[in-house]
Amino acid sequence: MVGITGVISFVLSLVIGVLLLTTRRGGLLAAPVFNQILGWIVNILRSVPFIILAAALVPITRIISGTALGVQGAIFPLVVGITPFFSRQIESAFLSVDPGLVEAAVSMGLSPAAIIWRVYFREAIPSIAKVTTITIVSLIGLTAISGSLGGGGLGDFAIRFGYQQFMLDATIASVIVLLIMVGFVEFVGRTVIDATTHQ
């Protein structure tokens, strides 16, 4: 769940993050009306609690995935739930790039596509790695919540065995696995940040 959802959400969030960045007033592809509409959609989806959003998306999930249960049925609501948050994080990562570098690229006559790739993407790699780490950790939490809706995974395991059958060891095992997953994600994220940060 985390792997597939993370990859899909990362790609979508990069696209949405670039659109939010470039279409803002004064951006490379300024389109304020489009930017406001997109930002409005992102903010609405981001403000809805995940468990309510996932329940509301059940009919659509069944159409897209063929089921609303198990890992297959959990991926779509997870993508919808995490992408708005991730998109704003990616946008903030791009905004951390020195405006002077962008102005220099514009003065040299680089196309918007070249500026996005050569300036924003390359300079924002440490920030993107940082926000990706934060988002993946949040996603791990959402996958645990999805278990309460029949999404499977550790959340479902902890609820069915640890909570409903009073097996404390199952709950403890689930917590330990989650801690290991979070620790691994943070370690990888920190490694990427350290390797890409300009000295």
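**Close-ups of a pocket and some salt bridges**

**View 1. Glu91, a buried residue.** Glu91 is tucked away, with a relative accessible area of 8%, so it counts as buried. Keep in mind that this is a predicted model. Glu91 pairs up with Arg24 in a salt bridge, their closest N and O atoms being 3.0 Å apart. This pair ties together distant parts of the chain: Glu91 belongs to helix 5, while Arg24 sits in the loop between helix 1 and helix 2, 67 residues apart. Arg24 itself is partly exposed, at a relative accessible area of 31%.

**View 2. Glu91 and its other partner, Arg88.** Here the salt bridge joins Glu91 to Arg88, and the closest N and O atoms are 2.8 Å apart. Both residues lie in helix 5, and because they are 3 residues apart, about one helical turn separates them. Arg88 counts as buried too, with 19% relative accessibility.

View 3. Asp194 meets Arg190, with 3.5 Å between the closest N and O atoms. The two are 4 residues apart in helix 10, or about one turn of the helix. Asp194 is partly exposed at 46% relative accessibility, and Arg190 is partly exposed at 48%. In total, the structure holds 3 salt bridges.

**View 4. The largest pocket.** This pocket has a volume of about 220 Å³. It is lined by 13 residues, and Leu21, Gly26, Pro99, Val102 and Tyr120 are the closest to its centre. Helix 6 gives the largest share of the lining, 3 residues. By class, the lining has 8 nonpolar, 3 polar and 2 charged residues.

Technical notes:
Residues are numbered from 1 along each chain as its sequence is written. This is a predicted model: local features need pLDDT of at least 70, side-chain atom pairs count only at pLDDT 80 or more; totals for chains, interfaces and linings use all residues. Side-chain values use heavy atoms; hydrogens and water are left out. On a 1 Å grid over the protein atoms alone, a cavity is a set of points where a 1.4 Å probe fits but cannot get out, and a pocket is an open set with protein on both sides within 12 Å along at least five of seven lines; lining residues have an atom within 4 Å of a point. Grid points are joined across faces, edges and corners, and a volume is the space filled by probe spheres set on the points. Ala, Val, Leu, Ile, Met, Phe, Trp, Tyr, Cys and Pro count as nonpolar, Asp, Glu, Lys and Arg as charged, and the others, Gly among them, as polar. A salt bridge is a side-chain nitrogen of Lys or Arg within 4 Å of a carboxyl oxygen of Asp or Glu. Buried means under 20% relative accessible area, exposed over 50%, partly exposed in between (1.4 Å probe, protein chains only).
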